[in-house]
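Opened a new page for this one.

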Amino acid sequence: MSTHSQKTSPDPQAKIPQRSRGIQRVDALLHAASEVFHEHGYTAATMSEVARRAGAPIGSLYQFFPNKALLADAVINRYADRLLQGMQAIQAEATLTPRQLARQLFALMLQMQQERAIALALVDAADPHSRRQQLRDALLLQLTTLLARLHPAQSAERHRLRAHYVLQQLKQIPSLHHEAQQQPGLLEEAERALHAYLKRE
C-alpha cells in the first residue's frame, strides 16, 4: 500500500514593491483600501471596490495583496509605521521642552486620528488582543524614550509609568476633538493639562 504525501502550499504573502512605480501603485491601493474599509467595514469591503477606487486593474491589486486579510494587515502596518515615524521625528528635534512635546504629540494624534480609527477597527476584526498589544508596546517604548530625554534624572521605572499615563491621555484626543465642536477651547485646555504634567519633576 503506497501513500502519497500532499504538498501544502505556502501561505500567500504581500508583495513588496521594489521600483518607484510599484511603490506609488501600492500607496494608491492602500489609500483606497483605507477609504473602503472606513466606509464599509472589513466584512463588507471587497477587493473589486478597492481596485476600482484606486483606478487599478483587479489583477494589480491581487499581485501585491493576494487576499483581503493581507490588504487589511498592510493598512494596519502603514498606520503603525507612520505613527512611529512621527514619534521618532519628535525625538529627533534638537531641543525638546515640555510645551513642545505636548504640542507635537497633540498635533500628531490629531493628524493620525482617522487612520487610527480605521486601523483599530481592522485590528478588532482580526486579532484584537495581540495586535493592539503590539501597537501599544511600540508607542510606550517611544513615549518612554521621549520622557527619558525630557527628565533624564528620573528613574527608568518612573519614565515607564509616566509613559503609560501620557498614552492614556493621548487616546482621549479623538473624542476630545469631536466634543470640541460644541465646546470651543477644549483641546487647548487638554493640551495645557498635558503640558503641566510633562513639566512635573
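This is a predicted model: local features need pLDDT of at least 70, side-chain atom pairs count only at pLDDT 80 or more; totals for chains, interfaces and linings use all residues.

**Cores.** I started with the largest nonpolar core, which has 31 residues. Which members touch the most others? They are L101, L105, L143, V166, L170 and L198. I then checked where the core residues come from: α4 (68-91), α5 (98-111), α7 (128-150), α8 (156-171), α9 (173-179) and α10 (186-199) each give at least two. Leaving out residues up to four places away in sequence, L101 touches I90, L96, L146, L150 and L198. Apart from this core I found another, of 26 residues, with L30, A45, L120 and L122 among them.

**α1 and α4.** How do the axes of α1 (residues 20-44) and α4 cross? They come within 10 Å and cross at roughly 110°. Angles of 65 to 115 degrees count as roughly perpendicular, so α1 is roughly perpendicular to α4. Next I listed who meets whom. From α1 I have D27, L30, H31, A33, S34, F37, Y42 and T43, and they meet K68, A69, L71, A72, A74, V75, R78 and R82 of α4. By type, the residues of this contact split into nine nonpolar, three polar and four charged.

**α2.** Which residues are buried in α2 (residues 47-54)? I noted M47, E49, V50 and A51. The buried residues of α2 pack against α1, α3 (58-64) and α4.

How values were computed. Residues are numbered from 1 along each chain as its sequence is written. Side-chain values use heavy atoms; hydrogens and water are left out. A nonpolar core is a set of buried Ala, Val, Leu, Ile, Met, Phe, Trp, Tyr and Cys residues joined through side-chain atoms within 4.5 Å. Buried means under 20% relative accessible area, exposed over 50%, partly exposed in between (1.4 Å probe, protein chains only). Helices (H or I, at least four residues) and strands (E, at least two) are DSSP runs, numbered from the N terminus. Contact means heavy atoms within 4.5 Å. Axes are lines fitted to C-alpha atoms, for helices over the stretch in contact, and angles run from 0 to 180 degrees between N-to-C directions. Angles under 35 degrees count as roughly parallel, over 145 as roughly antiparallel, 65 to 115 as roughly perpendicular and the rest as oblique. Ala, Val, Leu, Ile, Met, Phe, Trp, Tyr, Cys and Pro count as nonpolar, Asp, Glu, Lys and Arg as charged, and the others, Gly among them, as polar.
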